Amino acid sequence: MTGSSISTGVRSEALFANSEDFSERKFLRSQKIVIIANSAWYITNFRNSLIKLLLDHGCQVTVVAPPDDFIHFLIDSLNCTYLPIFHLNRAGTNLWQEMRLTLELRSVLKTLHPDLIISYTIKPVIHTSFWTRFMKIPHLAVLPGLGYTFIRRNRLNQLIVLLYRFLLPNNKYVLFENEHDRDLFIEKKLVNPNHALAFKGCGVDTSYFTPLEKTQPSEALRFLFLGRLLNEKGIREYIEAAKMMSEKHPNTHFWILGHIDEQNPGAVVKKSFMQWIRHPAIEYLGFEKDVRDVIRECDVVVLPSYYPEGVPRVLQEGMAMGKPIITTDMPGCREAIDQGDNGILVPPRDAQALFDAFEFFYALSPQEHIRMGRAGRMKAIREFDEKISNHQYLELISSILNVSQPTKNKQHKPT
């Protein structure tokens, strides 16, 4: 597996070592790293392979997050230390609650005395940045997506932007998961351009998400919406286009896999959603922790999102399993597509364009479906394999901590 480049605000590039370059010795032995996130679910789903890699290299890793159903995985499967925090409500806006969270994090950081803190998502980044400013602890702040901060104009989001401007420049690095988000923060003078980096998504395990033969072949063409049921994920447009398509081509099926994220302000109304899926061509499959068995049975993975995020993980998973993709020409989503090669980009909020994309795939031969799926699989391996982003993290962490690395095939550090 070859490494990929990391982009900084000044457009410099650094090459990263492959997995063999980091396998010779535990060059991060005894370094205490604290990872803070808004849920154990987030760490389990998006960062577990990074934690395993840090542990393999001798780090002492402590995960700090509110308790949920996934804490047992952190403790039992990852074998890392877990420390709960109880005042982090990712959808909360109560000032007293936020003050309690700030004090709670201060107590945690003073107790742990970490060598490095890595925080993920808006609230952990803001609160952690406040204390590391005074405690002089190196802090890698990671914003996997921008959320509603720049698309919903209200006082809360204006406050978030002000806090970004005050706190983010003091971090060692601020990491984004696509170049658009990084460039936006630089343009708005929210970060130091020399310390703003962009990785290409969180990565996917391409040996786990791999092409699988269908167990239930069908002559009907199966489209799969995969993601949280948020309005901004394009679920309304998907259902509208699905109804148009099924009327013209009855031998098409439209699946939906995902949960209603009730804490998210963009969540669909459950009562309305249940009415939407009464259409005979639309089937709601609920929520699955392991989505591979559903992806393997579909023909095309669809995410018509206009939600500000990194590179959606569901697109990476679909590509890795050899499925063509339909998604929107939006930052993060467009990075997954080579137009016409492994999928189709459509304008956001456009059910007619999505219908046209459905028709495009309906007209394709089985051989063309296979060709596009293979192209997506190769793109996933080449650009989105989690080994790439994990070893970019290792390179960056070793640079922050001034830890010497194995010399075999050693590459340049980020600038």
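In which sense do strand E13 and strand E14 pair, and over how many bridges?

Modeller: The model is a predicted one, and its confidence may be stated before the details. The average pLDDT of the chain is 90, and 91% of the residues score at least 70. Residues 7-25 have a pLDDT below 50, and this stretch makes 63 contacts in the model beyond near neighbours in sequence. Residues 407-415 also stay under 50 in pLDDT, with 21 contacts beyond four places in sequence.

To the pairing itself: strand E13, residues 300-303, and strand E14, residues 325-328, pair in the parallel sense over 3 bridges. Within this pairing, Val301 stands opposite Ile325 of E14. Both strands belong to an open sheet of 6 strands in the order E12-E11-E10-E13-E14-E15, where the pairing is parallel. At the edges of the sheet stand E12 and strand E15, residues 343-346; each has a single partner strand, so one side of each lacks a neighbour in the sheet. From one strand to the next, the twist averages 20°.

Elsewhere in the sheet, E10 and E11 pair in the parallel sense over 6 bridges. There, Leu226 stands opposite Leu257 in E11. Of the 6 residues of E11, 5 are buried, and the strand is thus described as mostly covered.

The helices that pack on the sheet come next. Helix H8, residues 235-248, touches E10, strand E11 (252-257), E12 and E13, and its direction makes about 165° with that of E11. Helix H12, residues 351-363, lies across E10, E11, E13, E14 and E15, and runs at about 165° to E15.

Helix H11, residues 313-320, packs with helix H13, residues 366-384, at an angle of about 120°, and their axes are 7 Å apart. H11 is therefore oblique to H13. On the side of H11 the contact is made by Gln316, Met319 and Ala320, and on the side of H13 by Gly373, Gly376, Arg377, Lys379, Ala380 and Phe384.

Two loop residues complete the view. Leu285 is in the loop between strand E12 (282-284) and helix H10 (292-295). Leaving aside residues up to four places away in sequence, Leu285 touches Trp255, Ile256, Leu257 and Val294. Leu257, named here as a contact of Leu285, is also the residue of E11 opposite Leu226. Leu285 and Asp115 are 170 residues apart in sequence, and their C-alpha atoms are 44 Å apart in space.

Asp205 is placed in the loop between strand E9 (196-198) and strand E10 (221-226). Its relative accessible area is 23%, and Asp205 is partly exposed. The side chain of Asp205 is joined to that of Ser207 by a polar contact of 2.6 Å. Asp205 and Ser49 are 156 residues apart along the chain, and 8.5 Å separates their C-alpha atoms.

Methods
Residues numbered from 1 in each chain as written. Predicted model: local features only at pLDDT ≥ 70, side-chain atom pairs only at ≥ 80, totals over all residues. Heavy atoms only, no water. Helix = DSSP H or I, 4+ residues; strand = E, 2+ residues; numbered from the N terminus. Buried < 20%, exposed > 50% of the residue type's maximum accessible area, 1.4 Å probe, protein only. Polar contact = N/O pair within 3.5 Å; in protein donor to acceptor, adjacent residues only side chain to side chain. Contact = heavy atoms within 4.5 Å. pLDDT = per-residue confidence, 0-100. Pairing = 2+ DSSP bridges. Axes fitted to C-alpha atoms, helices over the stretch in contact; angles between N-to-C directions. Parallel < 35°, antiparallel > 145°, perpendicular 65-115°, else oblique.
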